[in-house]
Amino acid sequence: MSNVTLVTTFFLSGLPHPPALDTMLFAIFLMIYILTVLGNLLILMVIRMESHLHTPMYYFLTNLSFIDMWFSTVTVPKMLMTLVSTEGGAISFHSCVAQFYSFHFLGSTECFLYTVMSYDRYLAISYPLRYSSMMSGTVCALLAAGTWLTGSLHSAVQTSLIFHLPYCGPNQIQHYFCDGPPILKLACADTSAIEMVIFVNIGVVASGCFFLISLSYVSIVCSILRIRTSEGRHRAFQTCASHCIVVLCFFVPCVFIYLRPGSRDTVDAVVTVFYTVLTPLLNPVVYTLRNKEVKKALLKLKDKTASPQ
């Protein structure tokens, strides 16, 4: 291996599509990206400005909006570059490492955050009288910090496992960003053990989080059914429905990509679009259109902006 030249630059093949669709896809994904960033920024601004939204649920929502904004930023701009230029897919080895780490750092942090948010809803609905003391500002900060720290460690493990391998041959990544399965195919070494470790690593995190989320919602449903008024039950179900929609849109594609045997480049790239491009956009849409408190805050903010000083 001492005489082998290691790869210093990778080339991303981009999203599989007919070349004639380049302009249309660029316009669509650019619009989605702009809406994603603006939508999540709007949520951050509204929650910060409206004091009645300074609650644990919205505290965690600000974390989610911040993650989604950057989660999309890590992958979409590079995808757009591959659509407008043949050289747009070039990415240096170190930039590929940074993109991989950032993507899995934000993705796993979001996974842990969904678990914390489901636990928060469980406490709010099951223990309404003790909720404020159980989810104090300190507890919320510790839970949020724990998700970021755990996500960072989880991503660091995967990054070190994948990029300590030698890459000395092909440098064409069959994807629109640096992700594990397509990168491992380029390694000049046996990757079976690494693939198994990563499979178990992701599997434990994804299945563990999904199990805890499911457990929380089973408990929530039991608590909701004990609510005497139909209005109370409807409000509780509506609050949790938003979270369930976003969780399913995030977990189902992730499980499909990382926890199934084999990898098909074209199928994987298309499915990945759902949780890298569309899910970050769903967050502001779901949490504003399905949330009366956020809609009221938006209208209030609009009135403040429109009214003369």
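In this predicted model, helices H5 and H7 cross with a left-handed sense. H5 covers residues 137-163 and H7 covers residues 192-225. Their axes lie 10 Å apart. The packing angle is about 170 degrees. Angles over 145 degrees count as roughly antiparallel, so H5 is roughly antiparallel to H7.

The residues that make this contact can be listed for each helix. H5 contributes His154, Val157, Gln158, Leu161 and Ile162. H7 contributes Ile194, Val197, Ile198, Asn201, Ile202 and Val205. By class, 8 residues of the H5 contact with H7 are nonpolar and 3 are polar. No charged residue takes part in the contact between H5 and H7.

The model also holds an open sheet of 3 strands. In general, the strands of a sheet pair through backbone hydrogen bonds, in either a parallel or an antiparallel sense. Here the strand order is E2-E1-E3, and the pairing is mixed. E2 (90-92) and E3 (172-173) form the edges. Each has a single partner strand, so one side of E2 and one side of E3 are left without a neighbour in the sheet.

Strand E1 spans residues 9-12 and pairs with E3 in the parallel sense. The pairing of E1 with E3 runs over 2 bridges. Phe11 has Gln172 of E3 as its bridge partner.

H3, residues 93-126, lies across E1, E2 and E3. Relative to E2, H3 runs at about 90 degrees.

Notes
Residues are numbered from 1 along each chain as its sequence is written. This is a predicted model: local features need pLDDT of at least 70, side-chain atom pairs count only at pLDDT 80 or more; totals for chains, interfaces and linings use all residues. Side-chain values use heavy atoms; hydrogens and water are left out. Axes are lines fitted to C-alpha atoms, for helices over the stretch in contact, and angles run from 0 to 180 degrees between N-to-C directions. Helices (H or I, at least four residues) and strands (E, at least two) are DSSP runs, numbered from the N terminus. Angles under 35 degrees count as roughly parallel, over 145 as roughly antiparallel, 65 to 115 as roughly perpendicular and the rest as oblique. A crossing is left-handed if the near helix is turned anticlockwise from the far one by less than a right angle, and right-handed if clockwise. Contact means heavy atoms within 4.5 Å. Ala, Val, Leu, Ile, Met, Phe, Trp, Tyr, Cys and Pro count as nonpolar, Asp, Glu, Lys and Arg as charged, and the others, Gly among them, as polar. Two strands pair if DSSP finds at least two bridges between them.
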